[in-house]
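Visitor: I am new to this structure and would like a close look at a single part of it. Please take me through that part slowly.

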Amino acid sequence: MAANQFLPNLMLFGRLLRGLGLDVNTGRMIDLAQALQYINITQRTDFYHAARTLLVHNREDIALFDQAFELFWIKPQ
């Protein structure tokens, strides 16, 4: 994914999570966007853990987040 597409896709991912019922608000998305400067976003596991840590605050939401993450951030063929 090109760098100029990453942030808009990140915002779409946040909307998707909200639509699925996760408590993802603007502040949490800003925190994640700011955290991107400290992680290597090309390392999927680094990005996954940063996103999950900042966007999931209820244990019962982890499975739903995991499913959404896998579907949304699938590598294009």
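Visitor: Is A68 buried or exposed, and what is its relative accessibility? Please go on from there to the parts around that residue.

Guide: A note before the answer: this is a predicted model. A68 is buried, because its relative accessibility is 5% and the cut-off for buried is under 20%. The residue lies in helix 4. Leaving out residues up to four places away in sequence, A68 touches F13, L16, L17 and L20. Between A68 and G21 there are 12 Å in space, C-alpha to C-alpha, although the two are 47 residues apart in sequence.

As a general background, nonpolar side chains in soluble globular proteins tend to be buried together.

Setting aside neighbours within four places in sequence, F47 is in contact with F6, L10, L36, I39, I41, F69 and W73. One of these, F69, belongs to helix 4 and takes part in the packing of helix 3 against helix 4.

In that packing, the axes of helix 3 and helix 4 are 11 Å apart, and the angle is about 140°. The two helices are therefore oblique to each other, since only angles over 145 degrees count as roughly antiparallel. Their crossing is right-handed. On the helix 3 side the contact is made by R44, F47, Y48, A51, R52 and L55, and on the helix 4 side by I62, F65, D66, F69 and E70. Sorted by class, these are seven nonpolar, no polar and four charged residues.

Helix 3 also packs against helix 2. Here the axes come within 9 Å and cross at roughly 155°. This angle makes helix 2 roughly antiparallel to helix 3, because it is over 145 degrees. The crossing of helix 2 with helix 3 is right-handed. R28, M29, D31, L32 and A35 of helix 2 meet A50, A51, L54 and L55 of helix 3. By class, that contact has seven nonpolar, no polar and two charged residues. A51 and L55 are named in this contact and are also named in the contact of helix 3 with helix 4.

Two residues of helix 2 can be set side by side. R28 lies in helix 2 and is buried, because its relative accessible area of 17% is under 20%. Not counting residues up to four places away in sequence, R28 touches D23, L54, L55 and H57. I30 is in helix 2 as well, but I30 is partly exposed, with a relative accessible area of 44%. The C-alpha atoms of I30 and M11 are 9.5 Å apart, while in sequence these residues are 19 residues apart.

Note on methods. Residues are numbered from 1 along each chain as its sequence is written. This is a predicted model: local features need pLDDT of at least 70, side-chain atom pairs count only at pLDDT 80 or more; totals for chains, interfaces and linings use all residues. Side-chain values use heavy atoms; hydrogens and water are left out. Contact means heavy atoms within 4.5 Å. Axes are lines fitted to C-alpha atoms, for helices over the stretch in contact, and angles run from 0 to 180 degrees between N-to-C directions. Helices (H or I, at least four residues) and strands (E, at least two) are DSSP runs, numbered from the N terminus. Angles under 35 degrees count as roughly parallel, over 145 as roughly antiparallel, 65 to 115 as roughly perpendicular and the rest as oblique. A crossing is left-handed if the near helix is turned anticlockwise from the far one by less than a right angle, and right-handed if clockwise. Ala, Val, Leu, Ile, Met, Phe, Trp, Tyr, Cys and Pro count as nonpolar, Asp, Glu, Lys and Arg as charged, and the others, Gly among them, as polar. Buried means under 20% relative accessible area, exposed over 50%, partly exposed in between (1.4 Å probe, protein chains only).
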